[in-house]
Each structure stands twice: as C-alpha cells, then as structure tokens.
Amino acid sequence: MESNTVISSEKYFGFGPEDIKRAPRDRDKLNKVVRPSLTYWQDAWIKLRRNPMATIGLVILMVYILMAIFVPMLSKYDYATQNSAEMNLPPSAGHLFGTDQAGRDLWVRNWMGARVSLSIGILVVLVNTAIGCVVGGIAGYFGGRTDMVIMRIIDVLYGIPSLIIAILIRTVWPQGGIFSLIIAMCMVGWIGSARLVRGQILQLKNMEYVMASRVLGASDKRIIIRHMIPNISGLIITSMTMAIPKVIFDEAFLSFLCIGVQPPMCSWGTLAQTAVQVYRVYPYQLIIPAFFICTTMLSINMLGDGMRDALDPKTRGKY
C-alpha cells in the first residue's frame, strides 16, 4: 500500500533527481548590498521626506517656529508698547502688518502670539501624553480591578466636555496667567491618550518578548517603560501631532471668549478677539491672525498624516 502512494516527481512535475543541479555561486552578487541597513527611525525619516504634503507642512511649521522665536527678539518694536500717534495704521514698510487700536505693531504681536499659541499647544500635548501613557499603561498592564477602576473614572470624565472644565477653571482662577490656562486644558485632555495606550498595552502584554522579560525577572516598571512604551512610540507620536491643532484651536477659542491669555500678553486668539470689534473698518487686523491659525492647523495635520504613514511598520522599506 505504501509503495502505491509514492508520487513520481518526474511524472507530475516533468523533472527527476538527475535534473537538479547546484546553482552557480556568483560572489559579486552575493556581496552586493541590495538595500542599506536602516533603523526604524531612519526608515521613517526617509519616508517622511518623500511625502510632499508632509514636507510642506513641516517647512511651514518650522518657519513659524523660527519667526516666533526671533522676530520679537530682533524687532525694534515691542509687542506691548502703545503709541497713540500710530493707531490703526494699514500695512506698510514701517509696519508690515499695520498697527492695532492702541498703536502696537501687529508684525511683532502676531509673532509673539505665535510663540504663545505654539508653546501652549506643544506643552499641553506633552503633559497630556505623559499622563495618558502612565495611566493607560498601568490600566492595560495590570488589568483586573485596577483597570476597571481607572476606566470607570475615565468614562465619567470623558462625558464632561473639556472646554467646559477649562472655562470653569479659568473663571475660578483668572489671574493664573498661562500656567492656569495650561492646567485647565490638561485636566481631562489626557483621557484620549490614556485610552489609546491602554488598548495597545492590552495587545502587547501577552507577546512573547514580554513574557520572556517577565520570566527573566524584569520588574513591571521596566517592562512597561523599556519594552511596551517604545513599541507604541510611533502611534503615540502620531497622536501627539494630531492633537496639537485641537489644543491651539481650543486656546484661540478661550482667548476669543476673553478667558484665555490675558493682556498685555497676546496669542492668535486674543488678536482675533480684539480685531473682531473693528473688522468692518480694519479687516486686516482679523485676517492676519485667522490666516496664521488656519495655516498652522493645516500644516500640522498634513505633517501628522505623513508621520502616521511613515511610522507604520507595515510599510517599512516601501518608498
């Protein structure tokens, strides 16, 4: 019975054992580097540079950051100094963006507003991400009752609009300046990051390398910080990039309601709020900060989309 079940390779495939020969060894081809060895971050950077929309967004964002840093430092005008003799001047060679109702140079004030708005956006996202990684990592890794308690607290906080909490805190603590504004925007802003990290940790904690680390005696803190968080760093960075525009918009909205950045400090939101009062007569005072808000949010969104594609491990090596 066994001899009848033997299938002849020559009958079914058209060749026999005598047709199998050793392939010639071409050492030049064997030693040729088909693709250079790249790390995960080098590969992501190459893919990001080859994405035209992400590159445009990155260039715009870097230009705004550099201008926000150096223009208020190098300009002969001060963002807070008032001049009653130069009120509401149109854009000109002396004042590139014109002046406002108090005679302050809008070129300097807009770039000072960029410094404040971008700083608040970046700081709030960094704080929210740090808190979210810690809370979500603990909930996802330990699970059980710990996960249940943390997630029920998050569910309660998630049902409260973040802007309502920010408005309440700013109403109670109006003199806290930028610090109180950052605290107000961080009260529940970490919830999204916590839920994202928890979901990823739940997938990773049963992986083989995590189990091996646990068997070798690694502590829970080391497993979370050294093994799990780095493996979801790409997703975290993408989430941070996509969250910055929302924070900038929320800050502009709060400043527009006169509960954000307080005078004489300015942001794009306070500039827009001040310009609304005279936009029919001096529309440039509103158009300029609105343009910067829109282009900043658009450029960060384009950069975030590009980073999402570049940091996707499934597309590694595909340019």
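Q: What does Lys-246 count as, going by its relative accessibility?
A: Lys-246 counts as partly exposed, at 48% relative accessibility. The scale runs from buried (under 20% relative accessible area) to exposed (over 50%), with partly exposed in between, using a 1.4 Å probe and protein chains only. Please keep in mind that this is a predicted model: local features need pLDDT of at least 70 and side-chain atom pairs pLDDT 80 or more, while totals for chains, interfaces and linings use all residues. Residues are numbered from 1 along each chain as its sequence is written, and side-chain values use heavy atoms, leaving out hydrogens and water.

Q: Thanks! Which residue meets Lys-246 in a salt bridge?
A: That's Asp-250, at 2.9 Å from N to O. A salt bridge here is a side-chain nitrogen of Lys or Arg within 4 Å of a carboxyl oxygen of Asp or Glu.

Q: And Asp-250, buried or exposed?
A: Buried, at 10% relative accessibility.

Q: Where do Lys-246 and Asp-250 sit relative to each other?
A: Both are in helix 12, and because they are four residues apart there, about one helical turn separates them. Helices (H or I, at least four residues) and strands (E, at least two) are DSSP runs, numbered from the N terminus.

Q: How many helices and strands does the protein chain have?
A: The chain has 14 helices and zero strands. Of its 319 residues, 39% count as buried.

Q: What classes of residue does the lining of the largest pocket have?
A: There are 17 nonpolar, seven polar and two charged residues. Nonpolar covers Ala, Val, Leu, Ile, Met, Phe, Trp, Tyr, Cys and Pro; charged covers Asp, Glu, Lys and Arg; the others, Gly among them, are polar.

Q: What makes something a pocket or a cavity?
A: On a 1 Å grid over the protein atoms alone, a cavity is a set of points where a 1.4 Å probe fits but cannot get out; a pocket is an open set with protein on both sides within 12 Å along at least five of seven lines; lining residues have an atom within 4 Å of a point.

Q: What lines the largest cavity?
A: Asp-100, Leu-106, Arg-109, Asn-110, Leu-271, Thr-274, Ala-275, Gln-285 and Pro-289. Helix 5, helix 13 (268-276) and helix 14 (284-310) each supply at least two of the lining residues. By class, the lining divides into four nonpolar, three polar and two charged residues.

Q: Which residues are linked with Asp-100 in a network of salt bridges?
A: Arg-104 and Arg-109. Asp-100 meets Arg-104 at 3.0 Å, N to O, and meets Arg-109 at 3.6 Å, N to O.

Q: How many salt bridges does the structure hold?
A: Seven.

Q: One last thing: how far is Gln-200 from Gly-140, in sequence and in space?
A: They are 60 residues apart in sequence and 7.9 Å apart in space, C-alpha to C-alpha. Gln-200 is in helix 9 and counts as partly exposed, at 23% relative accessibility.

Q: And what about Tyr-209 and Ile-223?
A: Those two are 14 residues apart in sequence and 9.7 Å apart in space, again C-alpha to C-alpha. Tyr-209 belongs to helix 10 (residues 208-215) and is partly exposed, with a relative accessible area of 28%.
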